[in-house]
Amino acid sequence: MRFTRRTFLQTLTGAAGAAALVQNQLSAVDQVAGDVQRWAKPEEVLVPTICQQCPGGCGLLARTLDGEVCGISGNPLHPINRGALCPKAFGGLQLLYDPNRIQGPMVRTGERGRFRSIGWDEALKLVTARLLDLRATGLAHTLAILGGQYRGYRDTLWSRFAQAYGTPNYIRLRCFAPEKPALAHQLMQGVTTPLAYDLAETQFILSFGANLLESWIGPVHASQAYARLRRSGDRPRGLLVYVDPRRAPTAIKADRWIPIVPGTDGILALGIANAMIREGLYDEAFVEQYSFGFEDWLDAAGQQHLGFKNLVLRDYGLFTVSAATGVPVKSILEIARGLATTKPAIVIGERGPAYGPDDMYTRMAIHSLNALVGNIGVAGGLRTQGEIPLAPLPALEQDATAKQGVAQPRIDGAGEKNYFMVADAPQLLPERILNGSPYPVNALFLFATNPLANHPAKEAFAAAFKKIPFIVSFSPFLDESSALADLILPDPTYLERWQDDQVNHLAGFTCFSLARPASKPLQQSRNTADVLLQVAQSLGGTIGKSFPWKSFEEVLRHGAEGLFKSGRGYVVSVHAQEALRKVLERQGYWLPEFQDSNAFWNGLLQKGAWWDPTGLPMSRNALLQTPSGKFEFYSTRLKQLLDKAAITEEARKSMLAKFGADKSDDLLYLPAVALRSAKKVEALPLRLNTYRLMSRPMGGGKNQPWLLEQPAVHVQASWESWVEIHPQTAAGLGIKENDLVWVESAKGRVKLRAKLYSGTVADVIHIPLFGGDGPNPNDLIANETDVLRGFGVLNSTQVKVRRA
């Protein structure tokens, strides 16, 4: 073979190509090896954050690998949960990675329900232009902001924005607000900060429907308090008595379950008071020294007034109460004697019996038992923790337009006439929007709420939304309410954003929790708090001046300065350090942990919470801020409010008519609950009760299948909703276990699977607030409005059940 110059060059080129190919392959191998190495040993970081699945406020640790969240656990340093979690917390991962999340801002195109994508700059210009137009035409007050279940600085910013912009219509739609004082506590003690039930230090708990171990405020913290009640080494085993129509998990764990006719909790409380007074079991020293209105009394004009004692002895005899509530006389006496002989004792009724007839007076009747056992301001009773020492925000600035706007009446009528007792009356909102009374709503912001699914008036809300020309939703999901919006500006999930939580409603401590993003935003979403700051600054003038911060992180940092400068409390730490601090504080020492505010802020980010475990010791007098300076069985505060509100004569007559022949106005100011006869509608012979499972987050949870899969062990059910029926009732209707049945009310009907459950009053059925895509019990509940309170009467719906 002849070897020419051409052959030589070809050979050389081929060899070079082969070498290059081998080199490229080796580089690819090296890259893969590097990727495998990173995959095998990713950077792991635990990021403190806050669970937002319910109002409990538990501390979390988000486990991140190379910046991606891959796990959730409890923060062992956090004082609310100490590392423990309920099932809801783990659903946060599916919330974060839900494939159906909104990808970015969307604007309506054509009829409502149809959208196209839009950039953030264009979307914010649309919002700013609409808000400027309303202000320019003197209609700032026609903006309504409807918010859901949240607290802390997000609530603060929304409220501040409404005031600076010029609308009185910042309306909250939520089940409860633990960060605010309960209504009964305000009326009977005059307090302006929330009272805490000292569950961990009490010896006897009487709970009226407050499902401590499943869904009351924060089940994890309550469960830990319950554990101390049961097995504390320094005191005898405590007792728990649970009153409810349903044998819930709390009833199962209780020493005694007291089944009761729904809506008669207040009557039972007054029957227990009757027994305590007749047998001399109440705390006479407390009642004599610290209460007003227990005995009959004369006013300055010499007019005689009925006192609590004679009201109870006259109208709430044990046999009368037993007939109304279904609770045997023997049980009433045993509860009364238990309260009197096992100290300290505490009585809870701020959730379970709510939303029924005589709601306000029911809560007052239950709270009166706390005064009879003398547990106000004592360990194991009702206490207060004071305010969290956050730095105050700069003074709010309002121009003439804002002052004129906030002076207008609220669209929901809260705070005036018949609804003077409430800060929010969302139940009245749909009708008023539809009627344009007292004025039309020209723009609506929806934040953390979905009334078209989670409210009994959802049909009315849907009709009302169609009358509003501009609706902005901040939901990260295309839910029932956001589907009717004109513009969607998706908020991140709670694992992707800066946020805080402020807790001063739990006994023994105050707490400020702080969370930074554990994950970068997975979609084109923005923290609504940051969006609100940007919109405010775009509006300019006094609105912009009222929001000088560049980001929500700056707002949180500003507030945390107050914690650093307060000279009390600590960033959470391990038990040994906390024990040392308590020893030093008992000797009068407090040692600062950090040299400056920057170090404090970094420490707060690393640990996730600041707390003051010492609380603020409060005397009984400090907890009794009524006009008389005492616990008021006869609420002079309520009388002042009623007189000032000038409620309609029709409403006053309606309130008194339920008491029959006795029309004394004194009954309006005492914890008097009407003894209604049990009227059964033959066509609808059963009573409906709804409840929430521990595994169901606030607002639903249908996008968290892990939680839908969690079994309800008492009926062995999961994935789909059900109705619980007493076996005796089911037998009479020809219904067997797992049969499909229709549940019908005057409003509508739903198809559910029947579960036979003996843990219920025979003529009451129970449907969980399931949160999936299936039947919704809100389709059954009528939109009835409670006089004075303005919310729906939810637990008085009559139904019937038949096989499908």
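Modeller: Just after α18, G540 takes a positive phi of about 70 degrees. The model is predicted, so local features need pLDDT of at least 70 and side-chain atom pairs 80 or more, while totals for chains, interfaces and linings use all residues. Residues are numbered from 1 along each chain as its sequence is written, and side-chain values use heavy atoms, without hydrogens and water.

Biologist: What makes the length of helix α18 agree with its twelve residues?

Modeller: Helices are DSSP runs of H or I, at least four residues, and strands are runs of E, at least two, numbered from the N terminus. The expected span is 1.5 Å times one less than the number of residues. For α18 (residues 528–539) that gives 16 Å, and the end C-alpha atoms are 16 Å apart, so the two agree.

Biologist: Which residues of α18 are called buried?

Modeller: Buried means under 20% relative accessible area, with a 1.4 Å probe and protein chains only. Among those that qualify in α18 are V531, L532 and L533. The buried residues pack against α3, α4, β17, α19 and α20, where contact means heavy atoms within 4.5 Å.

Biologist: Why are β11 and β15 said to stand at the edges?

Modeller: The open sheet has the order β11-β10-β9-β15, with parallel pairing. β11 and β15 each have a single partner strand, so one side of each lacks a neighbour in the sheet.

Biologist: How do you know that β9 and β10 pair?

Modeller: Pairing takes at least two DSSP bridges. Five bridges join β9 to β10, therefore they pair.

Notes. Buried < 20%, exposed > 50% of the residue type's maximum accessible area, 1.4 Å probe, protein only.
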